[in-house]
Amino acid sequence: MARFILIRTLQMIPPLFGLTIVLFVLLRLGGDPVAHLVDPMATADEIAEVRAAYGFDRPLLEQYFTQLRLIVTADFGDSYRFKTAAMPLVLERLPATLELAFASIVIALLIAVPAGILSAVYQNTPLDFIVTVLSTLGRAMPNFWIGIMLILIVGVELRWLPVSGRDSWANMILPAVTLGTGIATTIARVLRSSMLEVMRKEYMVTARSKGLSEWAVILRHGLRNSLVAAVTVLGLQMAWLLGGSVVVEEVFAWPGIGRLMVRSVLLRDLTVVQAGVLVFALIVMFTNLLVDIMYAYINPRIRFA
Amino acid sequence: MNAKRLHPLQTLVAILLLLLALMLPAQVLAQTVPGSSISVNIGELPTSLDPPRDWAIASTWVHMNLFDCLVWRDRNTMEFVPFLATSWENVDDRTWRMNLREGVTFHNGEPFNADAVVWTYQRIFTASRDQFITFNQWTFIAEINVLGEYEVEFVTRDSDPAFLSRIAGTGCGIQAPVAGRAMAESGNYTPIGTGPYKFVSYAMDDNLVMEANQDWYFDVAQVERVVWRSIPEASTRVASLLTGAADLISAVPFQDWNRVNANAGTSVTEYLTTQVMLLAMRSGANEQFPGYAGPTEDVRIRQAIRHALDRETIIAVIDGLGVPTMSRLTPPTLGWSNESYNTFGDFNPERAAQLLAEAGYAGEELVFHTSATWINQRELAEVITAMLQAVGLNVRLQIMDTTTFREQIYFPYRNQELYLDALGNSFFDPWIVVLSERSDRRERSGWSGPVADEVDRLIRAAAVNMNAAEREVQYQEIQRLTYDQAVSIPLYQMIDAVGTSDRLAWSPPQDGFFWLANATLR
């Protein structure tokens, strides 16, 4: 197992290196950061002066290697906007983003697991139909729209929950539900398909013949064997979750990395964008590693080569 | 009913007590209400709490509550009032002498004195452009001389009639020198001013807390704690007001006004911003656009465009959120005039068509760039395009997001025939309004010729003219000439709105800035 983790960790290095190149090219082609670092009355000479001060007048290859050297030394350079080190700016927002991601996953599982099981057990009944329709609708509705609707209905009309900020656990519910419903729909559908397949297996018949109750058979044998597919999807959804957090954090004024990234992209704060994207990439990669490790616990037949 | 009469001695005591109360210094009477707190939700919090490093309007709102300047503008009349300087004297055209307020301490206990003034400004104008975004604004100072512990002398590079505007402008907050020098060494910055509120905490992009400065030399703030929050999404900001989570919010969208006013305990208050929306034109080639030879080089075509603009319709399109103007000089800025302010101007489509015919216009394309930064700007650009097309102009409208417009058009000076943008003037002085038409700053207009030369001469003369009456005439003439030549066409002064809860007694000042020292709770 330790060898497997080590190899998988080392395998992350080439994609991360590739990511630095893609990021650099996209960000440099995307726009000119100097336009956001000067006052609106700045003359061409003044703009050139600022460009030189930040090193944006250097050849692109030289700029890339300067940036790469900073990344390798875990420095990343200073934020152009905040004039402080970029990586600490990202890392101080990491707890908020992870907190929201965790809460979203919990909500997603609380919705998806019962929905997926019931939909499979009661296949082709009105209950199955309702779950399928809601899953499709939940997937089709954009995050920001769900968020704004929740603000209007639950926050403004019913006044049950706060609509913005991160003052208490209550502030987390609406953004977590917004993000969680999106993932829940996918997991529910995968779990349903997987359950339907498992329920036709011979070992399910054997379990029933041993005299176990129907729900014991479903939960102990059916669900456990269906979870591999659901956990795989959950791992893949982490990238979607972090992408969705960019919008949801903006809507709910949740002070996480996503919100920082929105402003940083708009104002071309390249060092912060680079630090943020690399942190996101690492989260996704480690989540996938965690999912691989979980396979062994869910299904003992799986072994690591 | 028998009224109980006071004993003469009781009457005398009552009168004496009343007189005594009236004689007490104001700060003894004004008291902070213990435990009182308000929540102020704005779009964005400062990227820096160091005033000269961040001049976004919302940042200025935060800075102005933490720091005091030497001279301040009364937020209602916009007149200059003494703050940390108790008096000033214009010794000669380039020298301003100021007496400083004694007995003032910074939030960390450091005494305020001449050293603080020198430290605050010298660190900006002796630095470099990339360090302070307001660098340009402070290079007017040649030197600051300390004449005594509470007396300083500013020497400006040229005669500077706008001295007081500049010294009361963005980034003017006086900073604690001893702590400031130590922070410059360590690189860790904490805002330490003398303002009505002192800094408590800042979670970047989330919330900023400040509390009333009990040692302020004017009436201490009645609200003990102000919590600023950043909520970029307008609908969430409005929701925070409606649910009672905020007492004051910025930029309430017009479509939410009725909802906020109908909600129990909240209301919307309009105010005039310093921003003027204008349609700017390229009149000729320059270094960034050397081969430019477009239709708007011809003054008759520019004038035709001006005559094609119906400000009455424009104001309707923006839901009435503007005051029509033909000048960027709006009240109370020196040089504003009733003739050009609050008027629909010279809409005359027949004259526009006639001018186009005289110019021999044959349908050449006019590229019209705009962003969608401001309220209804997209719709406005579409309406303007329709107005120009109605008189026979061939306009190609290109709408882009704010970032793209800034990076691709505005700063590389790649604007072509037309662009739409709003520009402000928080200095309330005309020098900055006309600066873009000075000969060395015409990157976007490429304007030249005898009238342009005359305007350049007037701009340079007005910038150093210490006679206010003459200066006013000069700026009016500059506005008249640029309007006649249709270099850029001001359309309207923008109106914005704040949302407040009924428990907060505060209304926006003339510039709409969130100066909260006078806020009280009902």
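A charge sits over a ring if NZ of Lys or CZ of Arg is within 6 Å of the ring centre and within 35 degrees of the ring normal. Select Arg166(B) and Trp431(B): the charged end of Arg166(B) sits over the ring, 4.0 Å from its centre. Next, pick Arg444(B), which lies over the face of Phe411(B) at 5.6 Å from the ring centre.

A note before moving on. This is a predicted model, where local features need pLDDT of at least 70 and side-chain atom pairs count only at pLDDT 80 or more, while totals for chains, interfaces and linings use all residues. Residues are numbered from 1 along each chain as its sequence is written.

Now the cysteines. The whole structure holds one disulfide (a pair of cysteine sulfur atoms within 2.5 Å). Select Cys69(B) and Cys172(B): their sulfur atoms are 1.8 Å apart. The link is right-handed, with 65° about the S-S bond. Both cysteines are buried (under 20% relative accessible area, with a 1.4 Å probe and protein chains only).

Last, the rings. Rings of Phe, Tyr and Trp (its six-membered ring) pair if their centres lie within 6.5 Å; planes under 30 degrees apart count as stacked, over 60 as edge-to-face and the rest as tilted. There are 31 aromatic pairs over all chains. Select Trp72(B) and Trp515(B): this pair is tilted, 5.6 Å centre to centre with 55° between the planes. Trp72(B) is buried at 7% relative accessible area, and Trp515(B) is buried at 8%.

Terms used
Chains are lettered from A and ligands numbered from 1 in the order in which they are written. Side-chain values use heavy atoms; hydrogens and water are left out. Buried means under 20% relative accessible area, exposed over 50%, partly exposed in between (1.4 Å probe, protein chains only).
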